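Subject: A structure for you to explore

Hi there,

Here is the structure I promised to pass on to you. Have a look at it first, and then read my notes below.

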There are 2 protein chains.
Amino acid sequence: MQKRGDGRNGEETRATLMFAALELFAAKGYEATSTREIASAAKANIASIAYHFGGKKGLHAACATFVAERLTSAIGTNVFEAELPDDPAVAAELVEQVATSLIGFLIGQPQAKAVSSFIIREINRPGPVFESLYLDVFEPVHRRICALLARATGQDTESETIRIGAFSLAGQIIYFRLGYPIVARRMDWLEPGSPEAGKIAAVVCANIRAFIETNTREDSK
Amino acid sequence: MQKRGDGRNGEETRATLMFAALELFAAKGYEATSTREIASAAKANIASIAYHFGGKKGLHAACATFVAERLTSAIGTNVFEAELPDDPAVAAELVEQVATSLIGFLIGQPQAKAVSSFIIREINRPGPVFESLYLDVFEPVHRRICALLARATGQDTESETIRIGAFSLAGQIIYFRLGYPIVARRMDWLEPGSPEAGKIAAVVCANIRAFIETNTREDSK
DNA sequence: GTCTATAAACAGATAGAC
DNA sequence: GTCTATCTGTTTATAGAC
């Protein structure tokens with residue numbers, strides 16, 4: 001018989017702790033977040049963290065795994081499983097599709113704020129979490145965007161301009177989430193949602209088309 | 001007579017504490033950084049923080065003031081004091097100039113990593129530090145970039161496309177600093193320096209020209 | 001202006017009852 | 001699986017010697 005009044009089982013407590021931890025790690029950072037705070041936010045006992053995750057570190061690792069999965073699904077798994085298209089126009093369209101669905105996630109889903117804050121903190125924290133995020137998410141995604149941009153422009157897949165260009169695309173997208181407190185104030189927006197995501201996607205997609213146009217090799221037309 | 005062996009005076013201790021704190025606040029976050037750590041890094045006594053800054057909060061505020069000044073000077077004060085140019089080509093050139101000098105600072109100056117990490121943390125921390133950074137730096141800079149982009153394209157200064165476009169420009173620039181651990185690995189770069197800054201600036205400036213070209217009203221030509 | 005010593009609060013982890 | 005109680009170490013701030 002459980003002591004708590006509601007009918008929550010072990011798996012539910014585990015998930016609640018994980019989401020509470022993700023929010024707090026994202027908002028305050030790993031070291032700055034106390035296990036007492038997490039347990040309190042999840043309405044669970046402090047000792048339950050040790051029971052379900054082995055400790056604070058284990059809870060952190062569980063958050064990282066969740067974030068990697070969430071981000072990969074937001075980008076759209078179909079883009080990665082499909083064959084690389086031969087037609088430059090189709091490749092260009094796919095890049096716009098990835099950008100639009102990523103913006104839709106970042107500026108539409110309530111979880112996105114925590115996911116992106118968590119990630120940006122880990123990028124500046126060398127360690128196993130960054131390592132697996134890089135190998136499982138960042139590098140494969142960047143390589144795929146490079147391949148698509150290369151097809152769209154006729155340039156080499158690994159040319160410096162293409163690789164830097166893919167990062168400049170990633171940068172403008174992630175900024176609208178990380179810098180949303182600034183953007184919202186300057187744009188007179190409130191909470192991020194579909195209308196805001198649409199306006200951002202329109203500008204970003206125009207930038208993608210402009211990048212492809214100015215970087216297309218003339219002799220490949 | 002001072003107890004410490006070297007000839008450091010009060011002002012020097014104050015500055016050393018401030019730089020040590022900036023590095024640590026940027027790397028680990030405000031709450032996660034202990035005053036012991038700061039004092040140890042600055043080779044000063046723990047009690048000296050209370051003496052020079054009144055406490056941990058005062059030290060944080062001093063870091064914020066320094067960061068705001070450093071960022072403003074990196075963008076180039078001349079751009080803000082000068083008159084808004086009438087010629088679209090001159091306005092476009094000024095935007096490229098701001099982008100290039102900002103990239104030069106972010107991907108060239110050793111302090112830039114700490115400055116930008118400190119700032120991105122404060123953007124997600126509502127409070128007086130964000131408030132003054134927004135009013136003193138972010139908003140004036142964004143307004144100025146909007147005004148220049150508007151001149152360059154012939155659009156209205158406060159049109160949504162211009163405002164969002166200015167943010168997409170800011171985003172791609174700041175990303176190369178915040179995401180440098182990812183960029184460096186994918187580009188086979190080591191520490192950020194002038195050659196890297198030059199390559200990034202070339203792509204970003206091409207993006208600026210492409211943005212202006214695709215967003216120029218035909219009837220203003 | 002710098003130092004030591006210490007107070008009072010807080011951290012993560014764990015043992016053991018239920 | 002959840003809880004209380006507690007151990008051990010660390011935190012910021014401060015009082016007072018020099």
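How many residue pairs are in polar contact between chain B and chain A? The count is 12, with both residues of each pair at pLDDT 80 or more. A polar contact here is a pair of N or O atoms within 3.5 Å; within protein, one must be able to donate a hydrogen and the other to accept it, and residues adjacent in sequence count only if both atoms are side-chain atoms.

Some background before the rest. This is a predicted model, in which local features need pLDDT of at least 70 and side-chain atom pairs count only at pLDDT 80 or more, while totals for chains, interfaces and linings use all residues. Residues are numbered from 1 along each chain as its sequence is written, chains are lettered from A and ligands numbered from 1 in the order in which they are written, and side-chain values use heavy atoms, leaving out hydrogens and water.

**How the copies are arranged**

**Where they meet**

In contact (heavy atoms within 4.5 Å) are 46 residues of chain B and 46 residues of chain A. The copies meet through the same surface, because 100% of the interface residues of chain B are also interface residues in chain A. The buried area (accessible area, 1.4 Å probe, that two parts lose on being put together, summed over both) is about 4,600 Å², and carbon and sulfur atoms give 64% of that. Phe167(B), Arg185(B) and Arg186(B) supply 18% of the area that chain B buries against chain A, more than any other three residues.

The interface also has 6 salt bridges (a side-chain nitrogen of Lys or Arg within 4 Å of a carboxyl oxygen of Asp or Glu) by this rule. Glu131(A) and Arg185(B) form a salt bridge, with their closest N and O atoms 2.5 Å apart.

Enjoy exploring!
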